[in-house]
Amino acid sequence: MSQDTTRRTDGVGAAGAADAGHEYAIDAERIEVTYSDGTRAVRGVDLQVPRGEFFGFLGPNGAGKTTTIKTLATLLSPTGGAVRVNGFDVASEPRKVRESIGYMAQETSVDPELTARENIQFACEAYGVPRGERAERIDELLDLADLADVAEKEADEFSGGMKKRLDAATALVHRPPLVFLDEPTTGLDPKARNRLWDYFRRINEQGTTVFLTTQYLEEADQLCERLSVIADGEIVATGSPDGLKRRVGGEILDIELAAAEGVDTGGPDDPRERAAAVAHETDLFADATVETTADGITVTARDARAHGTDLLVALRDEGLGVTGFNIRAPTLDDVFLAITGEHVDAEDEAADEVAP
Amino acid sequence: MSTPTEGSETAAATAAEGATAERSANSFLGDVWTNFKRWNLKAVRNPFVLVVSLVQPIIFLVLFTQVFGTVAGGALPGGISYETYLVPAIAIQVSLAAAVTSGIGLVNDIEEGMFEKVLVSPMNRTAVFLGKTMAELLRIALQIGIILVLGVALGAEITTGVVGAVGIAAAGVLFSLWFIAFSNTLAVLTRDQESTIIAANLLQFPLLFLSSAFLPLESLPGWIRTVAMLNPVTYGVDAARAIILDADVMTVIDVSLGYGGALDTLVPAVAVLLALDLALGAVAVAMLSRATSSKVR
């Protein structure tokens, strides 16, 4: 690209307008990563992330999230496809890409022997933050990460959440226009997670494009404007969190039924089949999906929460014994089930328990 | 923050442009310095690293001179005290022990994610490793300094004075490079702290004892003399010993270059060590560039 020469003195607006690709923080076409043992970790992933967006990359363990993010951050050269990050080609201008991004790896990466301040200081020097601005920048990031009180303590003494926040702060020293966050909240308690979320929202509000991978639908729901779902190295869905949840078809009502003696499994007298029939016939729910499970039924409907108790009453009227029930928001597993027809090993259940 | 709340695309664009323009201030030497500082800071923070690589050599120095001093002294030519004879060997032992910590530092960096963090930064990668190695070499030189002071306190005599002391430290640094390269290669291959420590430590004792470190080779069995000739420790110790005694002490290979005195030992010893440093250094560089490459495997 002609404009990516060493002299970039003219206004960025003009340069950006000259290059259509630069409107995107990330512009990747058909990324392929095939390991030498033949494993195809990423299979033709297309990604266009506009500047300023909070973008989510959702998928179970081993789906290819980290591999993809590493190709975007120049840590891994894709075996196929073209990737431009902030207008720079990752293959031919990796150093320019590195200068213009922040990257927070899945494993917390801080130097435990250095203090919080020294960790950020090192990052400032690594990213060439001008000497005169460093002190101010460090204080500002310590504040943002809520670590000002422990700035002179060695990171070794920090909790998991504090280390994560410090790690995130070091990724932001050069005020990158684009930040990659690879499962930043995995393994954190809810309080620490919420604090990090606030932090990421603030970064995004300040104009930073955020690319976040997560296994948690709830996290994507809270933070992301748009997200892609990846499974087995391929993007299977892209849209807003609400859009994806709509594909699940609403909230989920799990009902456990008392087993009946001497009845054919799957036959018309099976309580599960009878309950499913009731759920269908009562017209309680608009657009409901009813499935039988090992010990009962599952109803997926937008108004599952509102009319769940009515169904329980209807089941009792039919003489069916309900031993337990639970209304919950769709999880990643449900999204996956809806999109791919397959279950994943969901680790997060945003369960909303209701005592029977 | 100067502009953050205005947000949106212009702020982001300015930030990008700013970062790119500012970066030009970061030079190769700047990157070396940044990493040099970090590893020195880590060494100071973690006295364990400093102490561990000093404790064993100091124990050797004190015990060997006190226990074997009188007996071993008899095997030495020309009234040299065992303290004087042993101090160069202990200096080399320190180099060996300290060089192991270089690989351990790398493994820790890999395990703590700092290695990847550095790779994703725009720093020059050669500068990153150069800065780290320079910090380690500085530490080795200082540790040898401590051993020399202790040795003199115990009765060793540095014939060549302060210049000699600096020379011994230089010999130790030159000697340490091949083992630093070796421990980094181990680190990249095993990516495991315990394996690196065990492998490097297992080698330490045979290397030290099967060399000219503790006794003159003439007083040792023939097979040890053969092994000693192939053992880098012999060349490191001989170089340091030639400096402390200001004499030709090398017995494994007989070179008469006609320089006379210490140079007849120093020149071949330095040549052997340099060749070894270059060879193992090349292996380590190859291993490191493999480890830092973004190529899919």
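Visitor: Where in chain A does A:Arg30 sit?
Guide: Look along the strands of chain A in this predicted model. The place of A:Arg30 is in a strand spanning residues 24–34, and that strand is β1 of chain A.

Visitor: What is the phi of A:Arg30 near?
Guide: This one is worth a look, as A:Arg30 is a residue other than glycine and yet its phi is positive. The value is near 45°.

Visitor: Is A:Arg30 buried or partly exposed?
Guide: Count the other C-beta atoms within 10 Å of its own: A:Arg30 has 14. Buried would take 20 or more, and exposed 12 or fewer. The count falls in between, so A:Arg30 is partly exposed.

Visitor: Over in chain B, where is B:Arg191, with its positive phi?
Guide: B:Arg191 has a phi near 50°, and it too is a residue other than glycine. With 15 other C-beta atoms within 10 Å, B:Arg191 is partly exposed. Its place is in the loop between α7 and α8 of chain B.

Visitor: How do α7(B) and α10(B) run, roughly parallel or roughly antiparallel?
Guide: Helix α7 covers residues 161–190 of chain B and helix α10 covers residues 232–245, with axes 8 Å apart. They pack at an angle of about 170°. Angles over 145 degrees count as roughly antiparallel, so the two helices are roughly antiparallel.

Visitor: Back in chain A, how many residues of helix α6 are buried?
Guide: Among the buried ones are A:Met162, A:Lys163, A:Arg165, A:Leu166 and A:Asp167. The cover over them includes β6, α4, α5 and α7 of chain A. Helix α6, residues 160–170, is mostly covered, and the buried count out of its eleven residues is ten.

Visitor: Which element of chain A has the lowest mean pLDDT?
Guide: Chain A averages a pLDDT of 84, and 89% of its residues score at least 70. At the top end is α4(A), with a mean of 96. Over residues 1–21 the pLDDT is below 50. The element with the lowest mean, 36, is helix α1, residues 12–18 of chain A.

Technical notes. Residues are numbered from 1 along each chain as its sequence is written. Chains are lettered from A and ligands numbered from 1 in the order in which they are written. This is a predicted model: local features need pLDDT of at least 70, side-chain atom pairs count only at pLDDT 80 or more; totals for chains, interfaces and linings use all residues. Helices (H or I, at least four residues) and strands (E, at least two) are DSSP runs, numbered from the N terminus. Two residues are in contact if their C-beta atoms, placed from the backbone, lie within 7 Å. Axes are lines fitted to C-alpha atoms, for helices over the stretch in contact, and angles run from 0 to 180 degrees between N-to-C directions. Angles under 35 degrees count as roughly parallel, over 145 as roughly antiparallel, 65 to 115 as roughly perpendicular and the rest as oblique. pLDDT is the predictor's confidence in each residue, from 0 to 100.
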